[in-house]
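Visitor: I would like to learn how to read a structure like this one. Please take me through it feature by feature.

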Amino acid sequence: MNPILKRILFIVTMILFFVSIGHDLTTGTFPKELVSKAEDQEAQENQEATKRSDPSIEQERFRVIEHRVKAGDTVLSIMEKINKDGPPVTIEQMLADFESINEGQDPNTIKMNQIYLFPYYHKNEKH
């Protein structure tokens with residue numbers, strides 16, 4: 001291939017590359033609808049976090065059950081056993097509920113033979 005043609009092709013490719021980067025940085029690659037949906041979801045999560053801070057609202061969503069952790073148990077596996085029909089909330093909400101009723105205990109660092117509080121969600125109630 002002709003060296004001049006290679007240089008022209010390289011220059012055109014670089015110009016196209018920088019133009020696309022400039023476009024991504026100025027206008028973004030995600031449609032505005034997705035961004036606004038994400039912002040709405042974030043606002044809704046903030047409202048739910050405010051609701052979670054009120055203990056009376058928590059008691060409406062679930063009861064608290066004590067459970068001793070056995071070898072191989074995880075927070076989610078224990079919650080699946082307790083809530084046999086499947087919890088009516090997301091995994092993130094289950095972990096947040098566990099953390100709130102156990103005074104900030106990290107769900108990833110539970111210890112064997114320790115007793116923790118777990119949420120038992122009321123049936124037929126979707127949040």
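**Reading the fold, the core and the surface**

Guide: Start with one residue. The side chain of Asn102 reaches the backbone oxygen of Phe98 at 2.9 Å. Keep in mind that this is a predicted model.

Visitor: Where is Asn102 found?

Guide: Asn102 sits in the loop between α5 (91-101) and β2 (115-121).

Visitor: Is Asn102 buried or exposed?

Guide: Read the relative accessibility. Asn102 has 14%, so it counts as buried; the cut-off for buried is under 20%. Setting aside neighbours within four places in sequence, Asn102 is in contact with Tyr116 and Leu117. Next to look at is Glu103. Glu103 follows α5 and has a positive phi, near 50°.

Visitor: Now step back. How many helices and strands are there in the protein chain?

Guide: The protein chain has 5 helices and 2 strands. Along the sequence, the pattern reads α-α-α-β-α-α-β.

Visitor: What share of the residues counts as buried?

Guide: Of the 127 residues in the protein chain, 21% count as buried. The chain exposes about 9800 Å², and carbon and sulfur atoms supply 58% of that area.

Visitor: How do I read contacts along the chain?

Guide: Look at sequence separation. Take the contacts with a separation of 6 or more: residues 24 or more positions apart account for 69% of them. For a distance between two positions, take Val89 and Arg61. They are 28 residues apart along the chain, and their C-alpha atoms are separated by 9.7 Å. Val89 lies in the loop between α4 and α5. Val89 counts as buried because its relative accessibility is 11%.

Visitor: Next, the core. What should I expect?

Guide: In soluble globular proteins, nonpolar side chains tend to be buried together. Here, the largest nonpolar core has 15 residues. Those with the most contacts inside it are Val75, Met79, Phe98, Ile110, Tyr116 and Phe118.

Visitor: Which elements give two or more residues to this core?

Guide: They are α4 (75-82), α5 and β2. Follow Met79 as an example. Leaving aside neighbours within four places in sequence, Met79 is in contact with Met94, Phe98, Phe118 and Pro119.

Visitor: Which residues are buried in α5?

Guide: In α5, the buried residues are Gln93, Met94, Ala96, Asp97, Phe98 and Ile101.

Visitor: What about charges?

Guide: Side chains of opposite charge can pair when their charged atoms come close. The structure holds 1 salt bridge. Lys81 forms a salt bridge with Asp73, and the closest N and O atoms are 3.3 Å apart.

Visitor: Is Asp73 buried or exposed?

Guide: Asp73 is buried, with a relative accessible area of 14%. Lys81 has 48% relative accessibility, so it counts as partly exposed.

Visitor: Last, the surface. Which residues form a nonpolar patch there?

Guide: Phe10, Ile11, Ile15 and Val19 form a nonpolar patch on the surface. Together they have about 420 Å² of accessible area. Phe10 is found in helix α1 (residues 3-27).

Visitor: Why does Phe10 count as exposed?

Guide: Phe10 counts as exposed because its relative accessibility is 53%. The cut-off for exposed is over 50%.

Technical notes. Residues are numbered from 1 along each chain as its sequence is written. This is a predicted model: local features need pLDDT of at least 70, side-chain atom pairs count only at pLDDT 80 or more; totals for chains, interfaces and linings use all residues. Side-chain values use heavy atoms; hydrogens and water are left out. Patches are made of residues with over 30% relative accessible area and no salt bridge: like charges are joined within 9 Å, nonpolar side chains (Val, Leu, Ile, Met, Phe, Trp, Tyr) within 5 Å. Accessible areas come from the Shrake-Rupley method with a 1.4 Å probe; for residues, only the protein chains shown count as cover. A salt bridge is a side-chain nitrogen of Lys or Arg within 4 Å of a carboxyl oxygen of Asp or Glu. Helices (H or I, at least four residues) and strands (E, at least two) are DSSP runs, numbered from the N terminus. Buried means under 20% relative accessible area, exposed over 50%, partly exposed in between (1.4 Å probe, protein chains only). A polar contact is a pair of N or O atoms within 3.5 Å; within protein, one must be able to donate a hydrogen and the other to accept it, and residues adjacent in sequence count only if both atoms are side-chain atoms. Contact means heavy atoms within 4.5 Å. A nonpolar core is a set of buried Ala, Val, Leu, Ile, Met, Phe, Trp, Tyr and Cys residues joined through side-chain atoms within 4.5 Å.
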